[in-house]
Amino acid sequence: MIDLTIKQALEKLKSGEISATELTKAHLARIEKYNGELNAFITLTPERALSDAASADERIKNGTANVLDGIPIAMKDLFATRGIRTTAASHMLENFVPEYESTISQKFIDAGTVLLGKSNLDEFAMGTFSKTSYFGAPVNPWHKNDKLTAGGSSGGTTSAVAAGMAMGGTGTDTGGSIRFPCSITGLVGMKPTYGLCSRWGCVAFASSLDTPGPIARTVEDTALLLSVMAGHDDKDSTSSPNAKFEFDGELKPILGDGKKLRVGVIKEFNSVQISEDMKKLFEQRVADLKSMGAEIVEVSIPNILDALAAYYVIAPAEASSNLARYDGVRYGLRVEGSDIYDTYKKTRAAGFGEEVQRRMLIGTAVLSSESYEVYFMQAARVRRMISDSFKTAFTQCDLIVCPSGANTALPLNSDLTPLEYYALDLFTVAMNLAGIPAVSVPCGLAQNGLPLGMQVVGPRFSDMSVLQLAKHIETASAFDNRPTKIMGE
């Protein structure tokens, strides 16, 4: 059962070949076997999972099954779950138990999914390796004995799904935090159009960039999850009134049978150094698309290489504002001081890790009266130019393809500077600044036997077209990411 896709599992559940309880027990056994060494989950909910499964079995039996009834998932520990602690992988919220349910987790409850637990991440989603987690970093199931990164910040979900401990899961993507980890764990991860999926009840990092999205093993499974997540939410002021994604269970071809599609390749990325493996696989997949009938065109996003600098001004600025609420007074950690100001200082010093403190300091600095115009407003102008450049590019092509990252997964103990970690986001941050959809799909294995991914990017609300082209890439690469194969079983 572990190797089943979500689509396959739904068919077997519907036919009665397997039960939701059997499927859930198989994944719980998998968690018991591997989570100790992979550290994919912060909080496990086996009793809740079995209860969810029993309810799903009853609905399936009665003919009232929901769209994802009985499917076991991992919920990134950034989404508030009523009665289940929500830590954001931080000491600050280590014992925080919400009395409310996030919109996204409620949608999955309504869809009939089985909650296996809350998955690991970088503290407050700030990081690239998930190493900033207060609970330790998750491990990549590929070559697990080498202790490679599963990526960040959604590394817990990618570790769980790749290892077969969950059939799918949620992530959030602020600057690549779904796409990069999926690229190096051989999964499909979608950053939807900003505003398509509600942020209500999701612990905030950078409000104008944070984008909830799905993680799964196949493109169609990803589309199934997105169809549940998407939709307008009156509780979220950034939720788009146009938020809609309807999926009938099958992605229709966007290439072939005389269909015309212009696929863009970004000229400016030609000057970026990437591994020979990534270059070779990317060129192969582009050639595959051409052979399927796509017209390949070169497009220019003149300011795209400035996106990294703009992102690391805007995101910390928004983070410094969002994290000001954690003061030891209303909820979360409290360290008593000699007075209220001393309590603030001691609580925040003890509650926030080094990377979170670094970004809050940067954010506070760029928002100061001396720096606001020089740094923050300049970054905002660059953001606008990048967004406008994408709009221009999409008059010359329908969709764009590019690498998801420069290389395969690095060891967790890699001795990188903060700037070198930040540079790993080079291929992903521009899409967040522009608010456009992008999906990372596996494009093959490097010579070292590790996976690599490439992105499909589209205009706002072209999420379906983005997934349709990703399906063609998936077919061309014929990538094998069955958990039993990954774990060498």
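## Reading salt bridges, helices and a core

Analyst: The term means a Lys or Arg side-chain nitrogen within 4 Å of an Asp or Glu carboxyl oxygen. This is a predicted model, with local features needing pLDDT of at least 70 and side-chain atom pairs 80 or more, while totals for chains, interfaces and linings use all residues. Numbering runs from 1 along each chain as its sequence is written, and side-chain values use heavy atoms, leaving out hydrogens and water.

User: How many salt bridges does the structure hold?

Analyst: It holds 22.

User: Is D248 buried or exposed?

Analyst: Read the relative accessible area (buried under 20%, exposed over 50%, partly exposed in between; 1.4 Å probe, protein chains only). D248 has 60%, so it is exposed. K252 has 46%, so it counts as partly exposed.

User: Where do E355 and R359 lie?

Analyst: Helices are DSSP runs (H or I, at least four residues), as are strands (E, at least two), numbered from the N terminus. E355 and R359 are both in helix α11, residues 354-366. They sit four residues apart, about one turn of the helix. Their side chains meet in a salt bridge at 2.7 Å, N to O. E355 is buried, because its relative accessibility is 11%. R359 is buried too, at 3%. Both belong to a salt-bridge network that links E354, E355, R358 and R359.

User: Which residue forms a salt bridge with R384?

Analyst: D388 does, with the closest N and O atoms 3.8 Å apart. Both are in helix α12, residues 372-396. They are four residues apart, so about one helical turn separates them. R384 is partly exposed at 49%, and D388 is partly exposed at 35%.

User: Which residues touch the most other members of the largest nonpolar core?

Analyst: A core joins buried Ala, Val, Leu, Ile, Met, Phe, Trp, Tyr and Cys through side-chain atoms within 4.5 Å. Here the largest has 157 residues, and L68, I71, F124, F390, V401 and L469 touch the most other members. Helix α9, residues 307-322, gives the most to this core, with 10 residues. Now follow F124, leaving aside neighbours within four places in sequence. Its contacts (heavy atoms within 4.5 Å) include L78, M92, F205, Y326 and F352.

User: Which residues of helix α4 are buried?

Analyst: In α4, residues 103-111, they are T103, I104, S105, F108 and A111. Their cover includes β2 (72-76), β4 (168-172), β6 (212-216) and α7 (219-229). G112 follows α4, and its phi is positive, near 90 degrees.
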